[in-house]
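Reader: I am new to this structure and would like to learn how to read it feature by feature. Could you show it to me, and then take my questions in turn?

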Amino acid sequence: KGFKQEHGVDYDEIFSPVVKMTTIRLLLGVVATKDLELEQLDMKTTFLHGHLEEDIYMSQPAGFSEMGEEISPRMYTLKLANEVLIYLILYVDDMLIAGSNEEEIGKLKWSLRDKFPMQELGQARHILGMRIDRNRTMKTLWFSQSDYIQKVLKHINMDNVKPTPTPLPTTIRLSDRDSPSTEEERKLNGKIPYASAIGSIMYAMVATRPDLAYVVGVVSRYMSNPGRKHWEAVKHILRYLRGTKDARLTFGSNNSTEVEGYTDSDYAGNTDNRKSTSGYVFTYGCSAISWRSKLQECTALSITKAEYIARSDAAKEAVWLHSTIS
């Protein structure tokens, strides 16, 4: 009955290990550039393989109460971190292992199999619904979500629509004034799968599609009360995805290992509150690994201030990337 626990009273930490998408992309960039081995493992019944540090008082459903088998995501992660000294990428129970030779990777896999029931998946091909394609001869790796995007389009019945070449036309300026003003309009628009569509698009944006960062930020502002114009904008994004579903991030197209960052701001671009939008993108060897587009929290009174806020956000990401690489 963990829902009755109180912070600082009867529990310390509760978490499940989830690596940042940026870290996955950075690893893929390093793997492609340095031509490293890349393999994947999946752990079975993840949270049953740790050791508890304290007495736990709990009741389980009938038929599942076996003493000593109660475990949590945190304890599983601590056990893994304490006993494995080789670096790996971990997303709950999905693992990516990169190394300079197969022998070292084999030692790691043997050590993991000795302690946890593992399903060996061989060379990494898929991770979290994303596809990994690789050409070792060219030292090139591609990261994409074409299958996922196709499923999203089919789910919303837009898999056969006419594609459009841009995420949003420059002439579209969305506003709160386009939201329903009467209860009847709200009920009518409530049948639109607005939030579901944006959530699906957002996962593609977070994982492999930096070209969607700005437009997802724009349409997300009206989730609580979307209007017809807002929905038309979302459908426009889906039509853009229809024509670009096979777009891929490319890693290792050159031998550069430099991290470069670019940032900009859209001064007073929000028509409702005149707030500006900050945006940045970082590349590793000319391949995008980190990006963001976000409405600024305060209203900048000048272009200079809007630019400083955008650069501040980018600087924070630069510091984190530097600490990760080093």
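Reader: In what order do the four strands of the open sheet stand, and is the pairing parallel or antiparallel?

Author: Before I answer, please note that this is a predicted model, in which local features need pLDDT of at least 70, side-chain atom pairs count only at pLDDT 80 or more, and totals for chains, interfaces and linings use all residues. Residues are numbered from 1 along each chain as its sequence is written, and side-chain values use heavy atoms, with hydrogens and water left out. Strands (E, at least two residues) and helices (H or I, at least four) are DSSP runs numbered from the N terminus, and two strands pair if DSSP finds at least two bridges between them. Here the four strands follow the order β5-β6-β7-β8, and their pairing is antiparallel. At the edges are β5 (126-127) and β8 (249-251), each of which pairs on one side only.

Reader: How many bridges join β6 to β7, and what is the bridge partner of R134?

Author: Strand β6 (residues 130-135) and strand β7 (residues 140-144) are joined by five bridges, and R134 has L141 in β7 as its bridge partner. The loop between these two strands holds K139, a residue that is not a glycine and yet has a positive phi of about 55°.

Reader: How should I read the exposure of K139?

Author: A residue is called buried under 20% relative accessible area, exposed over 50%, and partly exposed in between, using a 1.4 Å probe and protein chains only. K139 counts as partly exposed because its relative accessibility is 36%. C286, in the loop between β10 (277-284) and β11 (287-295), also has a positive phi, near 75°, without being a glycine; its relative accessibility is 61%, so C286 counts as exposed. In the protein chain of 326 residues, buried residues make up 41%.

Reader: Which strands form the open sheet of three, and where does α1 pack on that sheet?

Author: The three strands have the order β9-β10-β11, with antiparallel pairing. Since β9 and β11 each have a single partner strand, they stand at the edges, and one side of each is therefore left without a neighbour in the sheet. From one strand to the next the twist averages 10°, an angle taken, like the others here, between N-to-C directions on a scale from 0 to 180 degrees, with axes fitted as lines to C-alpha atoms, for helices over the stretch in contact. Eight bridges join β10 to β11, and V281 stands opposite W291 in β11. Helix α1 touches β10 and β11, where a contact means heavy atoms within 4.5 Å, and its direction makes about 160° with that of β11.

Reader: Which residues does L28 touch, not counting residues up to four places away in sequence?

Author: L28, which is found in helix α1 (residues 21-34), touches L38, I132, L141, F143 and F251 when those sequence neighbours are set aside. L28 and F251 are 223 residues apart in sequence, yet their C-alpha atoms are 6.9 Å apart in space. With a relative accessible area of 0%, L28 is buried.

Reader: Why does the span of helix α8 agree with its number of residues?

Author: The expected span of a helix is 1.5 Å times one less than its number of residues. Helix α8 (residues 228-244) has 17 residues and so should span 24 Å, which agrees with the 24 Å between its end C-alpha atoms. Among its buried residues are W231, V234 and L238, and what covers the buried residues of α8 includes α4 (146-155), α6 (194-207) and α7 (213-220).

Reader: How do α6 and α8 cross, and which residues of α6 meet α8?

Author: Their axes come within 11 Å and cross at roughly 35°. From α6, the residues Y194, A197, I198 and I201 meet α8 residues that include V234 and L238.

Reader: Which residues have the most contacts inside the largest nonpolar core?

Author: In soluble globular proteins, nonpolar side chains tend to be buried together. A nonpolar core is a set of buried Ala, Val, Leu, Ile, Met, Phe, Trp, Tyr and Cys residues joined through side-chain atoms within 4.5 Å. The largest one here has 57 residues, and F143, L212, V234 and L238 have the most contacts inside it. A second, separate core of eleven residues includes L90, M95, F116 and M118.
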